[in-house]
Amino acid sequence: MTAVMGTVMGTSLRRKEDPRLLTGEARFVDDLVLPGARWLAMVRSPEAHARITAIDATAALDTPGVEAVLTGKELREAWTQPMPCAWPVTDDMKNPVHFPVAVDEACYVGDIVAVVVASSRYAARDGAEAVDVTYERLPAVVDLEDALSDRVLVHEGLGTNRSYTWTLAPDPPAVDRAFAGAAHTVRARYVQQRLIPEAMEPRGVAVVPQPVGGEIVLYSSTQIPHILRVMVGLTLGIPEQKVRIIAPAVGGGFGSKLNVYAEELIAVALARRLGGPVRWTEERRENAVATIQGRGQIQDIELAADADGKVTAVRVQILADMGAYLQLVTPGIPLLGAFLYHGVYAIPAYSFECTGVFTTKTPTDAYRGAGRPEASYAIERAMDEMAHEIGLAPDEIRRRNYIQPEQFPYASPAGLTFDSGDYEPTLDRALELVGYEGIRKEQADRRASGSTRHLGVGMATYVEMCGLAPSRVLASLNYVAGGWESATVRLLPTGKAQVVSGTTPHGQGHETCWSMIVADKFGIDPDDVEVLHSDTAVSPLGLDTYGSRSLAVGGVAVELAAQKVLDKARLIAAHQMEANEDDLEFVGGAFQVKGSPASAVPIQALAFEAFTAHNLPDGMEPNLAEQVTFDPPNFVFPFGTHAAVVEVDEETGEIRLLDYAAVDDCGNQVNPMIVAGQLHGGIVQGIAQALWEEAVYDEDGQLLNATLVDYLVPTAAELPNFKLDHTVTPSPTNSLGVKGVGEAGTIGSAPTIINAVVDALSHLGIRDVTMPATPQRVWKLIEEAKAR
């Protein structure tokens, strides 16, 4: 990691953020002290689909502390527009009108039908329980293929449950020819179950209207304060400059807080209406239905290959569950994976089609990886299927098909240009870390001995596109916003540095990493760098944090702004030293004439000179402060290989994860400790999808496992120590040579685990296990295989 790494970058510096989080000094929305604030509680539909025929608030209004109960009809005038969907993926996309409070019809369990205003959170909750809503139950539809048949319409006014069909097929005849001439083909169906994000802290909102000037200050546990400011202004008809968004400590997001939620808009509307502060904090059970859910797809994938095992075409059809409404980027989530169903393989012919379908369930939207885990899962499972079809080992089929290092930058069949890559070394190292050859021998020995505890080893090589994204590319996909990011870097008169960032961290360590970038650039201590963020009054320009874009876009903006400060400081140094700027070098935080350390002038001294402006070059503005808005020229494409060893008990279906290795390449690493932390968390979330997590609905649209008693989130006790290693293939598309890593662990881990489970059971004739691979599901498959 030498291209841009200096004395600070590339080291495992402990995170600046951690002391206040670990000692309880961090402030979450619920910690805010707001004298006189009224509390809100949401009355939510217990029905998945129903007409609202009457709302009786009499008992609620008699509840001590309750001040008001407001219905959707009473609040209708507060909204100048329906709730926003920022990604109309096709011109004919169906998008049902969606107001923050339902007016006539509830379309999923958890849909808000009324709002209670009270003097305390407990009075608000009691009042909500006392609101009597009369419903006329309508049929629910939860199965995607059933929904596509239009047997039951979620929104009768649309006339269909099909929201859109989006196709990416650069050369359909080439795909047809490849399948017609293939020596081998495989077709598989995989199901991406719905997941509940379960951030450590649920959502919270507090709104304080200013008595003079009409400004609204909205505190929200959001990933997107800048985007939220725009959408609040548009939805409520408030001038954007009168809206200030502050994201205090967020408590985890994983995409679930990348949204404009009804509760935020309701709180702003009621704060304006009441002329005082209001607040709302989500409860854990409420979170399961009120916050978006992730995944929710049926994937049909076909591969064609020649006699040597070279894959020649991939054809994919997706049914994607939108839920009842389109949230901020709901329809675009499958498209983030649409370009990656060929994975890391040089497959010349490509076809992808996605149909978005409405159901009477909680809306889906971004969840860690957002379309990329789904794509990686499908192609990596299908590659194992092709290996079985041909009679190759799973590592061999991958080696025969990898895009080769000399092919980069690689023009993919889906239309992207992969920046850099070298995949095979990550596979070699991952297999080495789990002792692949030894596991294969032990597996064979156990099978020969008749053991009922079966070993399996699985692997997956992934690539993701992140650093979302060149603005023009987003425009071509009908996304309404851009992909740029902004940063300001100031070197203050006292020699300390200040960074103002448009990114919004919620666990990624931006304060630490941005400090390291600036400290390395200026030759100062990272503790002398302050990073400001997550407040639109302090940082007015930004597009926030999601899609593994923070470092590759926001961090690069910081580096470029710091470079501009350094360039200006060089001009001042040359002027005051009466030297040509080309004759100066920057060494150890000081400018000096090349080869003359005695002439050195520290950059902090130049910051004070820039502040006094007593002796600056003619025409130069005082102070060392520069702002950069960086619009990346391309995505970045991190990659890696994960490998896992599992043991499956034939008699109980229990799966034990014995070993896990991950070898990832995110380009140059600013802070390897933070990289490892991101990978640990991501890997666990992917393993959880593979083995434990699923939002289970019954046929009436009721969520059956809304609490943490029933929804299985893993702990450290269920997991082995992870073996991490990395390769370094810098991205040539940005000045730091960095790529993203926040979602990498999730993208690689689920197919790795399921490939290992299937490998353990392959001698029984089992070729697939649907996620999550619960003991009951696995045991049933084993019994069915024995019966065959």
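How many Å separate the centres of domain 3 and domain 4, taken over C-alpha atoms? The distance between these two centres is 20 Å.

The model is predicted, so that local features need pLDDT of at least 70 and side-chain atom pairs count only at pLDDT 80 or more, whereas totals for chains, interfaces and linings use all residues. Residues are numbered from 1 along each chain as its sequence is written, and side-chain values use heavy atoms, with hydrogens and water left out.

## Domains

The protein chain is assigned domain 1 (18-24 + 484-630), domain 2 (32-138 + 198-290), domain 3 (140-197 + 295-401) and domain 4 (428-464 + 637-788). Such bounds come from an automatic or database domain assignment.

## The interface of domain 3 and domain 4

Domain 3 and domain 4 bury about 3200 Å² between them, and 52% of this area lies on carbon and sulfur atoms. Buried area is the accessible area (1.4 Å probe) that two parts lose on being put together, summed over both. In domain 3, the residues that lose the most area to domain 4 are Gln 193, Ile 196 and Arg 368, which together account for 22% of what that side buries.

On the side of domain 3 that touches domain 4, the elements giving two or more residues are β8 (184-195), α11 (372-390) and α12 (394-401). Helix α11 supplies the largest share of that side, nine residues. Helices (H or I, at least four residues) and strands (E, at least two) are DSSP runs, numbered from the N terminus.

## Salt bridges

The count comes to 49 salt bridges, where a side-chain nitrogen of Lys or Arg lies within 4 Å of a carboxyl oxygen of Asp or Glu. Five salt bridges are found across the interface of domain 3 and domain 4. Arg 399 and Asp 428 meet through their side chains in a salt bridge of 2.5 Å, N to O. Another salt bridge joins Glu 380 and Arg 398, with the closest N and O atoms 2.9 Å apart. This pair links distant parts of the chain, Glu 380 in helix α11 and Arg 398 in helix α12, 18 residues apart.

## Strand pairing

Strand β27 (residues 655-665) is parallel to β28 over five bridges, and Tyr 660 has Phe 722 as its bridge partner in β28.

Elsewhere, β22 (residues 584-587) and β23 (residues 590-593) run antiparallel and are joined by four bridges, with Leu 584 opposite Val 593 in β23. The hairpin of β22 and β23 has two residues between the strands, and Gly 588 takes a positive phi near 60° there.

## Backbone features in loops

Two cis peptide bonds are listed below.

| Peptide bond | Omega | Loop holding the proline |
|---|---|---|
| Phe 408 to Pro 409 | near -5° | Pro 409: between α12 and β16 (410-411) |
| Met 771 to Pro 772 | about -10° | Pro 772: between α20 (744-761) and α21 (775-787) |

Ala 613, a residue other than glycine, has a positive phi near 60°. Ala 613 lies in the loop between α18 (603-612) and β25 (624-630).

Key: Two strands pair if DSSP finds at least two bridges between them.
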